[in-house]
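Please work through the following exercises with the sequence and the structure at hand. Each task is followed by a solution in steps.

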Amino acid sequence: MKLTIASGKGGTGKTTVSSNLTTYLASMGKDVVLADLDVEEPNSALFLNAKLVHSKVANKMVPKWDAKDCTLCGECEEVCAFNAILQLPEEIRVFPELCHSCYACSELCPTFSLPMTPAKIGVISEYKNELFSMVEGKLDLGQEMAVPLIAQTMEYVDEKFPENIKIYDAPPGTSCPVIEASRYSDFVILITEATPFGLNDLQLAVETMRVLNQKIGVVINRYGIGDDGVEKYCQAEHIPIITKIKNDKEVAKLYSNGELIYDKIDHFKNSLDEIVTFIGGLK
Amino acid sequence: MREVVVISGKGGTGKTSISSSYAYLASKDAVVCDCDVDAANMHLLLDADFKEQEDFYSGELAVIDSNLCNNCGKCFEVCRFDAISKEPEYHVVDPISCEGCHYCSRVCPTDAIEMVTQKAGDLFVSNIKTGARMVHAKLGFGAENSGKLVSKVKRVGKEMALKEDKAYVITDGSPGIGCPVISSLSGANLVVLVTEATVSGLHDLKRAHQLTKTFNLKVVAIVNKYDLNREITQKIRNYLATEGVQVIASLAYDENFTKAMSVAKPIVEFDKNCEISQQIEMSWKTITNILKEH
């Protein structure tokens with residue numbers, strides 16, 4: 001089973017829910033693995049007291065100009081749809097950050113002067129604590145495209161942990177990175193807060209998930225502080241509200257320190273139980 | 001005209017509440033840009049009227065004409081994005097996977113593949129309650145190129161500010177460190193980094209700050225919820241001091257922040273006398289002073 005924890009708005013509690021839920025499931029003897037797919041700002045490892053067991057460089061393939069046989073015919077610049085290739089009077093310049101790795105320039109070059117070579121975009125790290133393993137993708141600073149690294153992080157998890165329940169901590173937003181982190185999952189939990197911001201971004205996230213034909217449920221975090229807009233919206237749209245996590249400064253304090261919450265705060269554990277029951281009912 | 005960009009790395013640190021407060025304080029003397037095109041919220045706090053709308057086109061999508069397709073499979077072979085699949089009589093493109101690279105359309109022997117320009121979102125110019133104008137956007141579902149939409153929002157906003165001789169462009173950036181943030185930062189005169197006193201806040205602050213360094217931008221910082229965890233606050237302060245970044249405000253954990261949001265008001269409008277509003281107002285004065293020198 002693959003479960004994505006996502007949200008439109010940032011800071012609603014994705015990482016809090018995914019790290020606590022994974023730990024809780026592991027403590028019940030389930031084989032789970034957590035994948036932190038928020039590759040721009042991965043944070044899960046901060047909460048899990050886990051040791052690094054393996055890390056590897058993540059690359060994307062980009063063309064590298066080989067001057068030897070190049071006739072400067074200009075075909076490569078012509079075929080590139082992403083302006084990643086510039087033909088200058090005496091050389092071909094490649095802009096790796098703009099390259100989507102489509103291979104068109106490389107394979108259509110009549111003199112094979114643009115062989116594809118790996119370029120580093122980030123690092124994939126595997127961590128382990130006494131209960132379970134987690135895998136994190138971390139994008140290098142200055143790299144623009146998160147999707148290839150998200151895809152590679154998921155591949156790593158699939159290869160290393162084929163049988164485990166997979167929990168994906170998704171990036172915020174509604175564009176390509178969150179789509180990549182959600183499209184292959186069996187279910188997506190959208191975390192929101194009961195405020196107009198939370199509602200606005202939840203609506204965007206729901207519409208995105210509907211384009212993907214994804215099954216969704218909502219967790220309302222910091223419940224009790226805002227208004228009832230989110231609840232009304234979920235009822236009108238027939239989206240299940242899986243649980244409401246109470247607004248509680250103690251939770252915020254534990255989170256601020258990088259601590260787990262469910263083992264210290266009862267109402268939070270009750271909410272996790274509701275999520276676990278809900279997931280159990282999905283099978 | 002001077003541009004201030006508010007970013008945070010981590011989401012939910014109070015970035016939009018603060019940038020909207022600056023927009024409120026700058027009143028008519030600013031053009032406001034919401035560059036968080038993925039999950040835009042600023043319009044809620046500033047009563048945007050969505051007066052002008054424009055379609056934003058970016059990127060292309062391959063479409064196979066099933067009548068022309070001879071099912072040879074060349075497109076399938078060259079596609080690196082698993083976007084093409086075979087039906088009994090012809091091939092089809094999965095619009096979500098297609099990156100718009102044109103490779104398939106170039107190798108198709110029967111010219112059955114057309115590249116269609118995609119609507120990637122909507123761009124809006126609104127009047128807001130301060131009497132100023134705001135440029136904002138909504139990214140289409142599953143659309144790419146949010147970086148390009150961010151650039152467009154900024155370009156429109158800056159042109160408007162120059163034309164109308166406004167003193168400031170106030171930009172709400174997007175979270176993360178990837179392409180939309182990089183686009184948000186370009187050309188900024190001053191970056192305000194908003195962080196919070198949590199381990200994730202500190203972690204993401206460092207990454208966001210390192211990003212601003214690669215672009216050589218002048219940066220100041222705001223520490224939100226500083227009293228939630230004073231130990232982390234100290235670490236944040238130490239990091240910022242080492243890096244030579246001035247802290248222009250430290251805001252206490254205050255539920256007024258959320259309450260103001262719930263009634264769709266910037267905190268400085270909701271309760272201008274509360275402590276955090278005073279702090280934000282002072283930080284805006286600091287910003288305007290810094291901008292006189294930069």
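**Exercise 1. Determine which helices the buried residues of helix α8 of chain A pack against.**

Solution. Step 1: the buried residues of helix α8 (residues 249-256) of chain A are A:V251, A:L254, A:Y255 and A:S256. A residue is buried if 20 or more other C-beta atoms lie within 10 Å of its own, exposed if 12 or fewer, and partly exposed in between, with C-beta atoms placed from the backbone. Helices (H or I, at least four residues) and strands (E, at least two) are DSSP runs, numbered from the N terminus.

Step 1: these buried residues pack against α1 (14-27) and α9 (266-282) of chain A, together with α7 and α8 of chain B. Two residues are in contact if their C-beta atoms, placed from the backbone, lie within 7 Å.

Step 2: α8(A) is followed by A:G258, whose phi is positive, near 75°.

The model is predicted: local features need pLDDT of at least 70, side-chain atom pairs count only at pLDDT 80 or more, and totals for chains, interfaces and linings use all residues. Residues are numbered from 1 along each chain as its sequence is written, while chains are lettered from A and ligands numbered from 1 in the order in which they are written.

**Exercise 2. State how many residues each chain gives to the contact, and describe the side of chain B.**

Solution. Step 1: chain B gives 50 residues and chain A gives 51 residues.

Step 1: on the side of chain B that touches chain A, at least two residues each come from α4 (103-107), α5 (146-163), α6 (179-185), α7 (199-214) and α9 (256-262) of chain B. The largest share, 8 residues, belongs to α7(B).

Step 2: sorted by class, this side has 20 nonpolar, 20 polar and 10 charged residues. Here Ala, Val, Leu, Ile, Met, Phe, Trp, Tyr, Cys and Pro count as nonpolar, Asp, Glu, Lys and Arg as charged, and the others, Gly among them, as polar.

**Exercise 3. Give the strand order of the open sheet of 9 strands in chain B, and name the helices that lie across some of its strands.**

Solution. Step 1: the order is β3-β6-β7-β2-β8-β1-β9-β10-β11, with mixed pairing. The edge strands, each pairing on one side only, are β3 (52-64) and β11 (246-250) of chain B.

Step 1: β3(B) pairs with β6 (residues 113-127) of chain B in the antiparallel sense over 11 bridges. Within this pair, B:L61 stands opposite B:V116 in β6(B).

Step 2: helix α8 (residues 230-242) of chain B lies across β9 (190-196), β10 (219-224) and β11 of chain B, at about 175° to β10(B). Axes are lines fitted to C-alpha atoms, for helices over the stretch in contact, and angles run from 0 to 180 degrees between N-to-C directions. Helix α11 (residues 275-293) of chain B lies across β1 (2-7), β9, β10 and β11 of chain B, at about 155° to β11(B).

Methods: Two strands pair if DSSP finds at least two bridges between them.
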